[in-house]
Amino acid sequence: MSAGVLVVMETKGAGERRTGGGAAWHRVSTEALAAGQTLAAELGVACSAAVLGESAAIAPLAAELAAHRLETVWAVGDDLLAVYTADGWTAALERLIAQAEPKFVVFPHTYQVRDYAPALATRLGEALIGDVTAIQMAGEPREPLFVRQWMQGKLNAVYRHRKPGGVCLLSVQAGSFRADAVQAGQSQVREFAPKLAAEMIRTAPSEPVREAAQTVDLSAAEVIVGVGRGIGEQENLKLVEDLAQALGAELAASRPICDAGWLPLERQVGSSGQTVAPKLYLAVGISGAIQHLVGMKGAKTVIAINKDADAPIFEVADIGVVGDLFEVVPALTRTIRG
Amino acid sequence: MKIVVAVKQVPEREAALRVTPDGRGIDESDVEWTMNEPDAYALEEALQLKQRAADAGLGEAEVVVLCAGPERVQSTLREALAKGADRALHVVTPESGEGSLAERGSLDVARLLAEAVKGEQPELVLTGLQSDDLGAGQTGVVMAELLGVPHATLVLQVEFAGQGGGGRRIKVRRELEDGWTQFVEMPLPALLTIQSGGNRLRYATLMGIKRARQKEMRELSAAAPAQRVDEVVRVSPPLRVKQTEMLTGAAEEIAAKLVERLRFEVKVL
């Protein structure tokens with residue numbers, strides 16, 4: 001059992017569950033499961049998975065998980081895990097890891113994982129290798145190397161875990177591993193009681209709430225003009241509004257523009273905004289941080305205008321213009337209007 | 001009430017970056033530096049909390065800004081003082097080589113910061129949710145664990161929740177995925193990582209810049225040795241996965257080429 005790979009699964013958020021729809025798993029945890037299975041196969045070790053929650057609630061989830069190619073499905077049940085808290089998850093997983101003794105623990109890089117996995121790593125004397133986009137096997141004996149992005153995607157950094165006898169914790173970025181590569185099979189469910197005590201949990205979370213329903217639905221738009229930090233000032237938004245109007249496009253923005261209050265939050269595209277898949281996405285002054293790319297990389301054609309030739313947006317662009325948007329955008333609007 | 005804000009100095013967003021000759025880091029020689037933007041939001045929240053504490057009759061709050069790094073990070077600490085922080089702590093690390101930031105992993109850096117925080121005994125520690133350069137997004141949560149205090153991440157809003165369970169409590173609104181948010185209550189002392197967008201950032205005024213020169217900036221030595229559990233094997237620009245056709249020329253020429261594409265290939269005109 002020991003020295004294998006353990007994947008920590010995550011169920012959909014409380015809010016998502018209430019609004020119904022689809023499977024119980026957070027999409028990225030299925031991708032993490034695929035990454036864990038592949039890593040285990042490369043290393044020739046067993047892969048297991050864990051699901052945490054209140055015992056009765058997770059029983060059907062554990063049973064479903066057992067229909068995968070895994071050695072063990074750990075059903076980590078405790079009344080104090082009925083609602084997510086960083087303290088509860090950290091303590092329960094610390095105890096599970098002591099029992100299961102994995103060499104690698106794979107997490108989905110979700111908001112929830114970002115909230116507790118660094119604390120868990122610290123408790124184990126480790127550091128999480130977070131937001132991993134690829135796993136490469138190298139060296140003799142073969143060991144995994146983990147690729148992470150630096151400088152918002154401008155550079156790739158390859159990491160290696162080197163603590164002798166340690167446990168390597170990593171989280172995988174959304175969309176980096178294929179969920180459909182998950183292998184089916186049969187495995188046994190083992191119940192694990194972490195025996196948490198109420199005083200371990202120091203925070204009191206309330207029910208999740210959603211802000212007023214969104215009135216702008218960008219997901220149906222055929223053509224979108226997206227604007228980012230490169231626009232500089234709120235007054236300059238007129239330039240992209242004119243372009244959007246000439247193109248018959250919806251206007252969208254990256255997070256910094258909405259944070260600044262220049263455009264309403266409902267026009268935000270990216271991991272904390274809407275996901276869009278238009279025929280054309282015209283990115284103006286958007287550098288292309290991963291948080292934005294995940295929301296728009298499904299566009300059929302991407303055109304990017306940015307003054308920085310190294311901006312990551314050009315990696316997903318079909319057509320790129322390295323230049324001054326304050327010259328190119330008005331010229332484009334004029335030419336479209338004819 | 002005392003609030004410590006941990007900030008990081010990072011390369012300017014638009015900085016052209018070169019990889020070091022050994023291929024394992026960023027060449028810092030021509031880099032322009034700035035305050036990590038999520039940390040600027042943490043500082044803003046601290047300065048507003050100071051005001052709110054005063055308005056609520058909770059007494060005078062002190063905002064202490066903290067940064068680890070070589071000499072250069074003092075410009076970022078000065079900027080924080082100019083915006084309104086009361087004093088600064090600089091954990092001094094060597095420019096390069098043993099014990100430098102490049103040699104320290106996220107756990108090592110969090111240890112340095114946590115040691116400095118312990119000396120201050122604040123009620124609240126704030127920091128940004130992640131750094132714009134290495135993007136690990138861990139320093140805050142790791143510090144909370146090292147300090148033995150509860151934490152919340154991706155915080156948009158902080159309120160004082162009155163007394164309870166033997167001390168003052170806070171209630172925070174944190175961001176969940178897909179537009180959901182949640183309130184979380186916890187006792188102080190606590191650590192919060194701040195999400196951008198909860199506040200508008202202030203600029204330093206001329207008066208603030210002048211006053212900052214008189215404020216205390218204390219240097220602390222980086223006592224904890226580097227004990228990295230991981231290592232960076234190599235750093236390189238990503239391989240392009242898509243063939244991007246780059247258009248060049250004067251603005252009018254580019255516009256003409258784009259319109260042709262929009263009309264005949266993308267077919268949206």
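The axis of a helix is here a line fitted to its C-alpha atoms over the stretch in contact, and the angle between two axes is taken between their N-to-C directions, from 0 to 180 degrees. The model to which this is applied is a predicted one.

Chain A contains 10 helices and 17 strands. Its radius of gyration is 22 Å, close to the 20 Å that the globule rule gives for 338 residues, so chain A is as compact as a globular protein of that length. The C-alpha trace of chain A spans about 70 × 50 × 35 Å along its principal axes.

Chain A also touches chain B. In this interface, 73 residues of chain A are in contact with 67 residues of chain B. On the chain A side, 33 of the residues are nonpolar, 18 are polar and 22 are charged.

One part of the interface is a pair of helices. Two packed helices are described by the angle between their axes and the distance between the axes. Helix α10 of chain A, residues 325-337, packs on helix α6 of chain B, residues 251-264, at an angle of about 50° and with the axes 8 Å apart. Angles under 35 degrees count as roughly parallel and those from 65 to 115 as roughly perpendicular; α10(A) and α6(B) are therefore oblique to each other. Their crossing is right-handed. From α10(A) the contact takes A:Glu327, A:Val328, A:Ala331, A:Leu332, A:Thr335 and A:Ile336. From α6(B) it takes B:Ala251, B:Glu252, B:Ile254, B:Ala255, B:Ala256, B:Leu258 and B:Val259. By class, these residues are 10 nonpolar, 1 polar and 2 charged.

Helix α10(A) has a further partner within chain A. Helix α6 of chain A, residues 237-247, packs against α10(A) at an angle of about 25°, with the axes 9 Å apart. That angle makes α6(A) roughly parallel to α10(A). The crossing of α6(A) and α10(A) is left-handed, whereas that of α10(A) and α6(B) is right-handed. In α6(A), the residues that meet α10(A) are A:Leu239, A:Val240, A:Asp242, A:Leu243, A:Ala246 and A:Leu247. In α10(A), they are A:Val329, A:Pro330, A:Leu332, A:Thr333, A:Ile336 and A:Arg337. This contact divides into 9 nonpolar, 1 polar and 2 charged residues. A:Leu332 and A:Ile336 take part in the contact with α6(A) and also in the contact with α6(B).

Strands join the two chains as well. Strands of a sheet pair through backbone hydrogen bonds, either parallel or antiparallel.

A:Trp150 stands opposite A:Leu155 in β8(A).

The loops of this region have some backbone details. Most residues other than glycine have a negative phi, and most peptide bonds are trans. A:Met151, in the loop between β7 and β8 of chain A, has a positive phi of about 50° although it is not a glycine. In the loop between β6 and β7 of chain A lies A:Pro141, which is joined to A:Glu140 by a cis peptide bond with omega about 0°.

In chain B, strand β9 has partners from both chains. Strand β8 of chain B, residues 167-175, pairs with β9(B) in the antiparallel sense over 7 bridges, and B:Glu175 has B:Thr181 as its bridge partner. Their hairpin has 4 residues between the strands, and in it B:Asp178 takes a positive phi near 55°. From chain A, strand β11, residues 204-205, pairs antiparallel with β9(B) over 2 bridges, with A:Ala204 partnered by B:Glu185. Strand β12 of chain A, residues 209-210, likewise pairs antiparallel with β9(B) over 2 bridges, and A:Arg210 stands opposite B:Trp180. The loop between β9 and β10 of chain B holds B:Pro189, and a cis peptide bond joins B:Leu188 to B:Pro189.

Notes:
Residues are numbered from 1 along each chain as its sequence is written. Chains are lettered from A and ligands numbered from 1 in the order in which they are written. This is a predicted model: local features need pLDDT of at least 70, side-chain atom pairs count only at pLDDT 80 or more; totals for chains, interfaces and linings use all residues. Angles under 35 degrees count as roughly parallel, over 145 as roughly antiparallel, 65 to 115 as roughly perpendicular and the rest as oblique. A crossing is left-handed if the near helix is turned anticlockwise from the far one by less than a right angle, and right-handed if clockwise. Two residues are in contact if their C-beta atoms, placed from the backbone, lie within 7 Å. Ala, Val, Leu, Ile, Met, Phe, Trp, Tyr, Cys and Pro count as nonpolar, Asp, Glu, Lys and Arg as charged, and the others, Gly among them, as polar. The radius of gyration is taken over C-alpha atoms; the globule rule is 2.2 Å times the number of residues to the power 0.38. Two strands pair if DSSP finds at least two bridges between them.
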